Amino acid sequence: MGRLDILPDDCLEGVLSYVHSHLLCTVSRKWARVCHHRVLTIRAKASSDVPQGEALQRLLRCQYTRSVTLLLGHRVTPTVLQTYLDALPKGYPVEKLEVVRRKLDLPQLQSISRSLGRFPTLTELSLDLDEVQFPSPVWVQELLTTCAVPAGLRTLSLSLSSCRVGDRGATALALGLPKVPSLSLDLFNNQLSSEGIQTLLQGLLTNVGESLTSLELDLRGNPVTAEGLACLKVLVGFPRLQKLTLMVGPGMPTASVPLRELTRCPHLRVLALHLAENEMGDEAADDLLVLKDCPALTHLELFLGYNLLQDDSAVQLCRLLDAPGLSRLVLDVHHNDLTDDAADAFLKHLSEMTPAGQGAPRKRLVLDIRENSLTRLGIDKLKRARCDAVTLDCRHG
């Protein structure tokens, strides 16, 4: 049924498959349509996995390849990585490039950045550069100025965990980023102060605010004060923002996150808040219930593990499902202080909810209660629960 090529283990990890459309036409019209745009994925953890020589030429000769995904791990040496990128013909249909590479120096990064301009079809770029150490935050600006970003790039994921970006680097980062609809920035443990984060957000608003529809921002592990997080209200100024993932802490109370301002984002449909290890107690529920007022919100994910939530406050959060537009609520309350009373209260509230009208989808609650004080009896009650208005997915582990 076509052609399947599997390269030797020392050349390619996994399976490379591409099927000739004209052969499939004789078998199935459906498969012929599916295979009109063939997808090639190259996954390499180490240099020995990267196709080279004749193996690489065999890949490049496949005239049916329309989309290429390169997943290059941290054991692929910079030299092999650059050689491989240079070997791909200019204009080769690379749509997704993911590089997990540590211990690169600035010239190596700049060389890779220049290579991006040779792939005009690139739509998704992910650079995981965790723990890359540079002598000065100026490297951020120098790297971005040499980055030949294709015009069609739609998704950029940049992981700079523990890279000592600092406030100056954050400013350069915000002003040098390309205008993409979807942006993910991992700035965990980068010595960012409250002023640095404010400058970062203001720069993002100025530079990419008009184009951004999805933003993921990891600010954990930075010396930010609770008052300093008030700068997050800048997010209200992003006019097209539809999806927001925000990670803050540890040691930040919910009151420090400008939740009321988030309700003023008119197009925000998906919101994920990672607030684990922030010593949140009963006051967290009252603070978070304000999210019911988000006008367009349909999906809400709250990650509240390793806090001090008790039965009443956890059940209060369940009332977020009362928001008329909300269809999915993820409530991760693992490793808190919940007991069987919480299970009974959860079920009571869900049973009292009014079912959706005819033809309307049921709401969904994903509840993570691992590592609490519930007994087997309480867990079994949640597992067996059947509610007319809500589909309950209980994760107890």
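Visitor: Where does T339 lie?

Guide: T339 sits in the loop between β13 (328-332) and α12 (340-352). Helices (H or I, at least four residues) and strands (E, at least two) are DSSP runs, numbered from the N terminus. This is a predicted model, in which local features need pLDDT of at least 70 and side-chain atom pairs count only at pLDDT 80 or more, while totals for chains, interfaces and linings use all residues. Residues are numbered from 1 along each chain as its sequence is written, and side-chain values use heavy atoms, with hydrogens and water left out.

Visitor: Is T339 buried, partly exposed or exposed, and which residues does T339 touch?

Guide: Buried means under 20% relative accessible area, exposed means over 50%, and partly exposed is in between (1.4 Å probe, protein chains only). T339, at 28% relative accessibility, counts as partly exposed. Leaving aside residues up to four places away in sequence, T339 touches D311, S373 and L374, where contact means heavy atoms within 4.5 Å. T339 and N372 are 6.9 Å apart in space, C-alpha to C-alpha, and 33 residues apart in sequence.

Visitor: What is the phi of H335, in that loop between β13 and α12?

Guide: H335 has a positive phi of about 55°, although H335 is not a glycine. H335 is partly exposed, with a relative accessible area of 34%. E279, in the loop between β11 and α10, also has a positive phi of about 55° and is not a glycine. At 63% relative accessibility, E279 counts as exposed.

Visitor: How many salt bridges does the count come to?

Guide: Side chains of opposite charge can pair when their charged atoms come close. The rule here asks for a side-chain nitrogen of Lys or Arg within 4 Å of a carboxyl oxygen of Asp or Glu. By this rule the count comes to 9 salt bridges. One of them joins D293 and R260, with the closest N and O atoms 3.2 Å apart. D293 lies in the loop between α10 and β12 (299-303) and R260 in helix α9, so this pair ties together parts that are 33 residues apart in sequence.

Visitor: Which helices hold K381 and D344?

Guide: K381 forms a salt bridge with D344, the closest N and O atoms being 3.0 Å apart. K381 is in helix α13 (residues 376-384) and D344 in helix α12, so the pair ties together parts that are 37 residues apart in sequence. Elsewhere, R364, D393 and R395 are linked in a network of salt bridges.

Visitor: Which residues does a cis peptide bond join?

Guide: A cis peptide bond joins G249 and P250, with omega about -5°. P250 is found in the loop between β10 (243-247) and α9 (259-262).
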